[in-house]
Amino acid sequence: MPDTPADVLIVGAGPTGLTLAVDLARRGRAVRIVDRSPAHPRTSRAKGPNPRSLEILADLGVVDEVLAAGSAPLPMRVYRDHRPVSDTDPWAEAAPTPAARHDRPWLIAQWRLEEILRARLAGYGVHVELGREVVGLTEGPDGQHVAVAFGEGPAERARYVVGCDGAHSSVRKLLGIPFDGTTAEDQVMVTGDVELAPGALDRGRWHQWFDEDGAVMLCPIPGTRTGWWFQAGPERDGAGRPLPPSVDGFRRLLTRHTGLPGRHLTRAELLSTYRVNVRMVDRYRVGRVLLAGDAAHVHAIAGGLGMNTGIQDAFNLGWKLGQVLAGHADAALLDTYEEERLPVAAWTLDLTSDRLRATLEAIREPGGSLASAMTEETTGLGIGYRWSTLATPRPEASAPPGPGTEQRGALPGDRAPDAPCRDAATGGPTRLHRTLAGPHTTVLGFGPASAAVLREVAVAYGNAGIRTCRVYAPHEDRGTPPPGSLVDDQGHAATAYATALVVVRPDHHVGAVASADDPGPVREYLRRLYGAPGTVDVTRQG
């Protein structure tokens with residue numbers, strides 16, 4: 001067993017584990033990531049990141065590659081009895097706003113997204129270790145590490161372990177955490193990646209056939225010439241039991257529902273049977289072991305929130321582990337991961353179950369489509385943590401996750417809005433989220449009276465990973481602006497925040513707000529996350 005444990009051992013190298021690994025690696029933490037699979041999967045599975053996940057991928061420095069490798073969501077063509085009956089585009093009215101650059105989800109095969117994240121991780125010198133199955137977890141006698149046993153090879157140590165190993169998580173099972181919920185045995189779908197003969201279908205549409213006796217859905221996989229996602233109601237035996245998926249079965253389903261010759265389906269792989277599972281854990285942490293993604297929650301696929309909720313789990317957890325491991329914050333900060341993300345998981349289970357019901361009802365009628373699964377809530381942009389103990393001061397009414405009521409100015413716990421701005425030094429166009437990007441906390445200052453507080457913060461915490469940013473009004477005298485300052489030339493940032501001082505957490509959520517004449521909430525918030533000004537308490541290092 002190595003004498004020096006890794007800071008964090010991540011179990012599972014899907015999008016959740018890779019997001020967490022990249023975030024920790026860029027913070028300079030000693031991270032390792034293992035996966036029990038002998039090779040990287042080529043499955044397409046999840047159809048892609050939603051707008052909130054795209055913001056996270058932008059922060060990690062990979063969004064341009066993701067956008068280039070994928071495509072915008074496609075219009076849906078709906079058929080009945082082999083004939084097209086409607087065309088619909090659930091994102092036709094969507095458009096970028098000052099507060100959100102990304103207005104729609106993005107189609108990309110999961111294997112390609114993972115490939116992009118692995119390449120980013122390799123840039124930090126970290127590589128996925130394949131064929132490594134975790135079979136035992138034991139907290140060390142010193143209480144400072146976890147001993148990890150593998151199916152093969154010697155045991156190793158890590159300060160923290162995070163299970164990102166999916167719905168059948170070995171880490172969750174080793175912890176003995178229940179995975180309570182239901183499985184809808186009657187809601188069954190067969191899925192796979194298939195190839196169709198060139199020209200068999202228009203690749204500019206997501207084709208959906210809904211008939212009285214079943215359905216077939218075919219969506220082109222971006223980056224492929226003939227590849228498609230195949231989803232269908234299963235074939236059934238004489239007793240009505242669903243049959244397992246097969247290539248020949250897919251061809252029969254294709255012909256029955258679409259009218260296309262079965263031979264047009266030239267290849268099918270990664271075949272699986274999907275049943276609607278709605279399950280979640282009752283806790284995310286046991287000592288030095290934590291859970292994220294499908295290891296902690298699974299739900300209906302309606303709305304496409306599975307992978308996205310995992311990515312957002314990881315982004316919430318990464319900076320907190322970084323703070324604890326650096327000695328800035330006490331390990332109790334990790335309790336806020338469960339405090340914030342467990343209610344989001346419960347809300348997601350309810351939302352996706354509701355969207356599934358709405359979709360199943362819609363497709364009973366000719367012209368009904370999967371568009372019923374898409375709502376403003378599924379963008380992820382409205383999710384916040386107003387109830388969190390990290391929201392300072394706490395809003396009077398703790399709002400649930402999801403889009404809130406109209407208000408002026410983001411409240412503590414809310415996602416930090418974006419805004420178009422100009423660089424105060426060069427005059428070049430930029431965006432507020434570019435200033436927020438990176439593994440640091442940001443303190444924004446609006447109005448002349450905020451300048452003194454920003455200087456105080458820069459002196460006290462400049463070496464601890466805190467960035468200050470003076471945001472000038474369009475006609476405000478700037479003199480010689482501090483480095484990194486912005487000009488809010490269209491007033492969108494001032495409208496979005498509507499207060500003089502704002503602390504934005506590394507995961508782009510508002511932590512604290514304060515007036516310039518009473519900056520106490522900002523000072524107290526920074527003490528909580530970084531200790532007393534100018535100090536790092538090494539005795540608190542995780």
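## Tour of a mixed sheet and its salt bridges

Select Tyr 472: its bridge partner is Val 487, in strand S21. The model you are viewing is predicted. Now widen the selection to residues 466-472, strand S20, and residues 486-487, strand S21. These two strands pair in the parallel sense, over 2 bridges.

Next, show the whole sheet. It is open, with 7 strands in the order S18-S17-S21-S20-S19-S22-S23. The pairing is mixed. Go to the edges: S18 (429-431) and S23 (510-514) each pair on one side only.

Turn to the salt bridges; the structure holds 37. Select Arg 422 and Asp 489, whose closest N and O atoms are 3.3 Å apart. Arg 422 lies in S17 (residues 420-423) and Asp 489 in the loop between S21 and helix H11 (492-497), so this pair ties together parts 67 residues apart in sequence. Arg 422 is partly exposed at 35% relative accessibility, and Asp 489 is partly exposed at 28%.

Move to Asp 23, Arg 26, Arg 27 and Asp 59: salt bridges with shared partners join them into one network. Within it, Arg 27 bridges to Asp 23 at 3.3 Å, N to O. Both Arg 27 and Asp 23 are buried.

Last stop: Arg 241 and Asp 237, a salt bridge at 3.1 Å, N to O. Here Arg 241 is exposed, at 54% relative accessibility, while Asp 237 is partly exposed, at 25%.

Methods:
Residues are numbered from 1 along each chain as its sequence is written. This is a predicted model: local features need pLDDT of at least 70, side-chain atom pairs count only at pLDDT 80 or more; totals for chains, interfaces and linings use all residues. Side-chain values use heavy atoms; hydrogens and water are left out. Two strands pair if DSSP finds at least two bridges between them. Helices (H or I, at least four residues) and strands (E, at least two) are DSSP runs, numbered from the N terminus. A salt bridge is a side-chain nitrogen of Lys or Arg within 4 Å of a carboxyl oxygen of Asp or Glu. Buried means under 20% relative accessible area, exposed over 50%, partly exposed in between (1.4 Å probe, protein chains only).
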